[in-house]
Amino acid sequence: MSTLRIGIVAGEASGDILGSSLMQAIKRKHPQVIFEGVGGPLMIAEGFNSHIPMDRLSVMGFVEPLKRLPELLRIRRDLKAHFISSPPDLFIGIDSPDFTLNIELALRNEGVLTAHYVSPSVWAWRQGRVKKIAKAVDRMLTLLPFEAEFYHQHNVPVTFVGHPLADKFAIELDELAMQKQAARSTLSLDSDATMVALLPGSRGGEVKMLGQSFIETARWCLHQRPDLKFVIPAANAQRREQLEALLQEHGKGLPITLLDGQSQTVMAAADVVLMASGTTTLEALLLKKPMVVAYRLAAFTYFIVSRLVKSPFFSLPNLLAGEKMVPEVLQNDVRPEMLGPLVLERLHEDAQAQIVQRFTDIHKALKLNASERAADVLLTMIENNQH
């Protein structure tokens with residue numbers, strides 16, 4: 001068996017998780033393989049040779065990337081030069097499209113085989129990027145089925161491999177009921193209470209935009225249903241401080257438990273979830289939880305984004321269902337008298353049963369052993385290219 005060299009660039013923690021699982025799957029099928037490029041601690045633990053620490057690429061927002069631009073451009077130039085002078089059998093960009101697609105384009109122009117794992121949201125906005133993607137990649141690997149549809153329409157070679165998160169969650173309903181009780185026991189929460197989880201986001205800006213409205217919604221709900229209990233997971237120490245201040249000001253006397261982290265366990269323990277839009281909504285779907293999804297942006301940002309976005313929905317559950325399965329509440333509608341009734345509606349058993357069935361179907365469609373499938377596709381690409 002010949003030794004393969006595979007170049008990978010992952011720019012953030014989620015890419016490190018995907019990259020390490022992918023490496024494990026490739027090694028099982030082809031043990032003689034060397035991986036190098038940029039990766040995080042999980043990939044390094046699998047034997048990855050990272051040329052620079054991955055956190056040099058992990059930049060958020062608009063301002064920080066501008067401040068770090070000279071360094072980021074230098075790193076990208078060095079990676080291109082390295083892989084052009086010493087071409088790998090395959091180069092894979094994992095997510096971080098603004099950084100990795102440029103490398104893929106340069107390498108593919110030099111005859112290097114390229115793939116991109118995790119589609120950017122081209123189907124939702126900046127659709128023109130698909131032209132660059134078509135030039136940059138030999139194959140796109142998507143985690144979601146509707147993304148693959150979009151690439152088919154634009155004649156970009158694509159494989160939907162399933163979502164790695166879906167592989168980690170139980171599908172069976174009796175198992176979910178046991179999970180709920182186990183989660184409550186783990187978190188020392190009342191095993192019989194009707195529980196609402198509040199997840200106003202993991203970033204400071206999200207908590208600032210949603211935190212107060214979520215706490216006031218808890219008060220609104222409690223007026224209608226005095227038996228309710230609420231729980232909020234704080235993503236980190238800074239968010240905990242922020243949430244404590246909000247609870248001090250707006251949540252006095254409310255039965256709200258504030259916990260450190262463990263958002264997944266908190267959702268598993270809940271009967272319904274009120275949450276910020278984001279990847280966590282997919283976890284709530286995989287836990288088969290009824291949810292209400294809210295989002296609020298600064299007025300000017302919303303003005304721009306709302307004109308760019310081409311998608312009818314913004315939450316992942318609705319995008320996956322292709323219909324409005326969960327309520328989406330935006331901007332000025334994010335207030336207790338709008339959110340409260342939606343939360344209480346979702347506590348009815350009929351609403352719950354319908355959601356559970358639909359989410360179970362979506363879960364089955366996503367649970368395809370993503371890392372194994374991705375490894376098969378990538379190794380086949382290399383094999384076909386060598387003949």
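Predicted model: local features only at pLDDT ≥ 70, side-chain atom pairs only at ≥ 80, totals over all residues.
First, the ground rules. Numbering starts from 1 along each chain as its sequence is written, and side-chain values use heavy atoms, with hydrogens and water left out. Local features need pLDDT of at least 70 and side-chain atom pairs count only at pLDDT 80 or more, while totals for chains, interfaces and linings use all residues.

Let me start with the whole protein. It has 18 helices and 13 strands; these are DSSP runs numbered from the N terminus, H or I of at least four residues for helices and E of at least two for strands. The radius of gyration is 22 Å, close to the 21 Å from the globule rule for 387 residues, so the protein is as compact as a globular protein of that length. That radius is taken over C-alpha atoms, and the rule is 2.2 Å times the number of residues to the power 0.38. Along the principal axes, the C-alpha atoms fill a box of roughly 70 × 45 × 40 Å.

Of the 387 residues, 52% are buried, where buried means under 20% relative accessible area, exposed over 50%, and partly exposed in between, with a 1.4 Å probe and protein chains only. Contact means heavy atoms within 4.5 Å. Among contacts between residues at least 6 apart in sequence, 67% join residues at least 24 apart.

Now helix 6, residues 129-136. Its buried residues are Arg129, Val130, Ile133 and Ala136. They cover an arc of only 120° around the axis, which puts them on the same side of helix 6; the arc is that of the directions from the helix axis to the C-beta atoms. As a reminder, an α-helix has 3.6 residues a turn, so residues three or four places apart point the same way. What do the buried residues of helix 6 pack against? Their partners are helix 5 (97-109), strand 5 (114-117), strand 6 (139-142) and helix 7 (145-153). On the face turned away from the buried side, helix 6 carries the exposed residues Lys131 and Lys135.

Phe230 sits in strand 9, residues 228-234, and counts as buried because its relative accessibility is 1%. Beyond its neighbours within four places in sequence, Phe230 contacts Val196, Leu198, Ala218, Cys221, Leu222, Pro255, Ile256 and Thr257.

Glu349 belongs to helix 17, residues 349-366. Is Glu349 buried or exposed? Its relative accessibility is 69%, so Glu349 counts as exposed.
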